[in-house]
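This report describes selected local features of the model shown below.

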Amino acid sequence: MQNSNYNFKRFRRLRYNPIIRDMVRETVLTKNDLIYPLFVVPGSNIKNPVKSMPGVFQHSVEKLVEECKEVRDLGIPAVILFGIPEHKDEQGSEAYDPNGIVQKAIRAIKKEINDLLVITDVCLCEYTSHGHCGILTGEEILNDETISVLAKEAVSHVEAGADIVAPSDMMDGRVLAIRKALDYKGYLKIPIMSYAAKYSSGYYGPFRDAADSAPAFGDRKSHQMDIGNINEALREVEADIEEGADIVMVKPAGPYLDVIRKVKDKFNMPTAAYQVSGEYAMIKAAGQNGWIDEERVMIESLTAIKRAGADMFLTYFAKDAARWINKNE
Ligand SMILES: [Zn+2]
């Protein structure tokens, strides 16, 4: 018997019927949330599997273009490119070579596909022989010398046709240096997506296989953030916005949902989050072992990132997620 002076709430009323559940869902994934990271290598006809990231490959340029067509056909709006150069040197000079691997890849994609956004990662660690994110003196990464090279790298990506540049190095002042360099060349309309709060995380392990960018000595703790800090993350994000960032990013995503939420609430900026290689590898490995339902956990992990406040996410699951969205629309 229903009692008119009941003293508890019946939340389940909205849960019995799947149609009602769909109507009241607060966070819904869409294909516009997705950015797919891709790795490009020199050579031709190459599609190398990345061992620690099942389903992820290093592509030579023409294979990358094929891959981008598939990505576009699935309805994913954007890719982000990481280059593995032919030659590495102390200064990472291929990073800003007009005929560097990323520059070639951008031109090849843009020649064939006009409705896919090409974002480029701007850092030096893939290009330096020592695997560090900047110019060294001894074992120290020099800040101000590095940011002028990053600005050259960003300009050369845009000259090749990149739609957005995404500095990931965590040097101080790089967003301002890049903004000034782009504006000076007349690229006023090119947005900067800054990796604003990037932590020194153990979750990046598999990426270093994919991008061949493990440091030869030491670590990245002199520039990436300490895992315990959130107030500092807000100061980093604030500085990047002041310097000219148009989109701010938190990286990694899943273990840093609190940071995403605070950044979104405090700054109301377009906010990206990077579901990194280790987050992907763990879900994949457990799925392949039959320990979890991979598809279900993938969707749950991405929904959590969006629910925390991210407007878009870089994820190696982008193609799988787009297929799931297409199937469930
Ligand atoms: Zn780097």
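Donors are N, O and S atoms within 2.8 Å of the metal (3.2 Å for Na, K and Ca); water is not among the atoms, so sites may look incomplete. The model is predicted: local features need pLDDT of at least 70, side-chain atom pairs count only at pLDDT 80 or more, and totals for chains, interfaces and linings use all residues. Residues are numbered from 1 along each chain as its sequence is written, and side-chain values use heavy atoms, without hydrogens and water.

**Zinc site.** Cys123, Cys125 and Cys133 each coordinate the zinc ion through SG, at 2.3 to 2.4 Å. Along the chain, the spacing of these donors is C-x1-C-x7-C. Cys123 and Cys133 both lie in the loop between strand 5 (117-122) and strand 6 (135-137), so the pair ties together parts that are 10 residues apart in sequence. Helices (H or I, at least four residues) and strands (E, at least two) are DSSP runs, numbered from the N terminus.

| Residue | Relative accessible area |
|---|---|
| Cys123 | 1% |
| Cys133 | 1% |
| Thr315 | 0% |

**Strand 12.** Thr315 belongs to strand 12 (residues 312-315). Its side chain forms a polar contact with that of Gln275 at 2.6 Å; such a contact is a pair of N or O atoms within 3.5 Å, where within protein one must be able to donate a hydrogen and the other to accept it, and residues adjacent in sequence count only if both atoms are side-chain atoms.

Methods. Buried < 20%, exposed > 50% of the residue type's maximum accessible area, 1.4 Å probe, protein only.
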